[in-house]
Amino acid sequence: MGDERPHYYGKHGTPQKYDPTFKGPIYNRGCTDVICCVFLLLAIVGYVAVGIIAWTHGDPRKVIYPTDSRGEFCGQKGTKNENKPYLFYFNIVKCASPLVLLEFQCPTPQVTCPHHSLFPLPTFHPFPPVNVGWDLCPERSVPTPPNPFLLPAQICVEKCPDRYLTYLNARSSRDFEYYKQFCVPGFKDNKGVAEVLRDGDCPAVLIPSKPLARRCFPAIHAHKGVLMVGNETTYEDGHGSRKNITDLVEGAKKANGVLEARQLAMRIFEDYTVSWYWIIIGLVIAMAMSLLFIILLRFLAGIMVWVMIIMVILVLGYGIFHCYMEYSRLRGEAGSDVSLVDLGFQTDFRVYLHLRQTWLAFMIILSILEVIIILLLIFLRKRILIAIALIKEASRAVGYVMCSLLYPLVTFFLLCLCIAYWASTAVFLSTSNEAVYKIFDDSSCSLTAKTCNPETFPSSNESRLCPNARCQFAFYGGESGYHRALLGLQIFNAFMFFWLANFVLALGQVTLAGAFASYYWALRKPDDLPAFPLFSAFGRALRYHTGSLAFGALILAIVQIIRVILEYLDQRLKAAENKFAKCLMTCLKCCFWCLEKFIKFLNRNAYIMIAIYGTNFCTSARNAFFLLMRNIIRVAVLDKVTDFLFLLGKLLIVGSVGILAFFFFTHRIRIVQDTAPPLNYYWVPILTVIVGSYLIAHGFFSVYGMCVDTLFLCFLEDLERNDGSAERPYFMSSTLKKLLNKTNKKAAES
């Protein structure tokens, strides 16, 4: 058999030479990239230290329990607010926002400067929670504290308001006792109306509200009075700023989205409570189908591939037919011709299924997908025949190393540990801010804006120097070095998550590659296959190549954290009108997305080389890249076609289980029509089953994908090392020899 070597070998490195002692993955190897291994261990120690510090300073109660304007928890046992579990906002315009659910305080107060308008202080956000300081008045060189009387107060209450009242009307009625429970603690009715509203002792208006995440939000649909404010009652705040009660409409509109989201979340939760066991059954069916598919590939690879292709075409064809039938059925029905744009967003998604435009859109999407797949099959029909041979060989390899199908469970478990540690550390870092108290005084006290301790302030020297001063809660933050470093710690937490997650994925790839390479380089299969190849490969990866895996994961983590920062900056620049900045940001995001994809591809092949030869990361990446470039035609013909076939396999499993779930949850299977649970949204369990089925199928097929990539690289190495003669026999099986003959014949014809 001829030595088919391309003329451009010199451009892309030197091909492997014949070595009679080479019998597969090298067992006599040494540690690689030790420095990266040390860096990873030090980083893990630092990560643990950050977690301990965060757990020491953090207080997750801030996530569960809201806090009032004094920094005290609502509804927590052992506190004076134990019987007041809900947080009530005085100013709905400032506080009625979906962001309040993510923040631990209402947006911060305002600062008053002489002869100037009100300057807003920065809003406090928990991710990351950074005290950015107090604003400076233009004519002062020292920070000016917030006026305590201008705080958009938030207090703990026993229950949310259930009626519409204004302070002016309630003051002269029997509802005043009810109204006073929503005033600041210790409120005494010894001031005029203007003074009470100016000092923020009581809210200007009460509106019917419902609790959401222990916070009172307007019940817009509960009472027409929420939006029908009627007369425009105004008052003076004592600083030249007129506040209009009709501004409540703006806050109510913001709260409307929150309430609709709450209603949607409650209905989805109800659907999960009545359908969770059927969802599990659907996922078990997906697992059984995936396993059956893998087993059938072991014996009937060629037939299964063609059956898979035909089934995918039929499933998509049925989807097109079903969409057309629904589109035709709705013809002439009242309201079915309303466009999606005119309808807008609706929380009840079943409304969209009564529109002809919805089914037309589904039909167009499925038709485009069907045409694309058919065209690819027409142009790749010869390549598919070649790829089937490679899949047959991969099926044999997986059959001899069956425990490899269970390894994704190990990867899943380790990834869950990484996610759990990252999430808990992020929560503790976000809640590690402390309640900061400042000295407030209306007079020209020199101590104003200084930090104080409310417990010791009454007997302190500051209290004697400024008799009218008060030590009051200002904000959540901190003035220590730890609190200033919170932003950096959050970034470090995210970076370490990416690094460790990529390391876990790299460990799985090297382990599977080592096991499948052992199969390929066994001259007499399966007699020469070593015992427990998967465990041996796992041990070699951890013992010798932790540093190399850490190196590859580190490069990928750096690119990913840069992408996260770019996404953050892009969100911040959305309101900007600078087109150049937007264009530059889009280009950067696109470039780093492409870079991440390339690094993932390079890392995957480098890990295969590491599993076989035991070289360091850079050497392995270079050799893998040059090997692929020397055989670029074969890479395009075989590797990507098998990826396409595996994608069709995933679509077949997901589509089959999804159609079964659709007919079941929509009560269209007569045999089990009464068994299906009643649902608010039948798409909730269907989407859950579809997503879960895809993840399960992806887990099984990822093993196959790694097997194909490993066998493919070994196949290319085998072609360079040997020539098929008796002195230099190929290690490939008879199936791959047929694949080689077909490839050479095709090359000769072209």
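Q: Which residues does Gln76 touch, not counting residues up to four places away in sequence?
A: In this predicted model, local features need pLDDT of at least 70, side-chain atom pairs count only at pLDDT 80 or more, and totals for chains, interfaces and linings use all residues. Residues are numbered from 1 along each chain as its sequence is written, and side-chain values use heavy atoms, leaving out hydrogens and water. Gln76 lies in the loop between helix 2 (61-64) and strand 1 (86-89). With that exclusion, Gln76 touches (heavy atoms within 4.5 Å) Arg61, Tyr65, Asn81 and Glu82.

Q: Is Gln76 buried or exposed?
A: Buried means under 20% relative accessible area, exposed over 50%, and partly exposed in between (1.4 Å probe, protein chains only). The relative accessible area of Gln76 is 11%, so this residue is buried.

Q: What share of the residues in the protein chain is buried?
A: The protein chain has 21 helices (DSSP runs of H or I, at least four residues) and 12 strands (runs of E, at least two). Of its 750 residues, the buried share is 46%.

Q: Why are helix 1 and helix 14 called oblique to each other?
A: Helix 1 (residues 34-57) packs against helix 14 (residues 486-520) with axes 11 Å apart and an angle of about 135°. Angles under 35 degrees count as roughly parallel, over 145 as roughly antiparallel and 65 to 115 as roughly perpendicular, the rest being oblique. The relation of helix 1 to helix 14 is therefore oblique.

Q: How many nonpolar residues has the contact of helix 1 with helix 14?
A: Among the residues making this contact are Phe39 and Leu40 of helix 1 and Leu489 and Phe492 of helix 14. By class, two residues are polar, none is charged, and the nonpolar count is 13.

Key:
Axes fitted to C-alpha atoms, helices over the stretch in contact; angles between N-to-C directions. Nonpolar A, V, L, I, M, F, W, Y, C, P; charged D, E, K, R; others polar.
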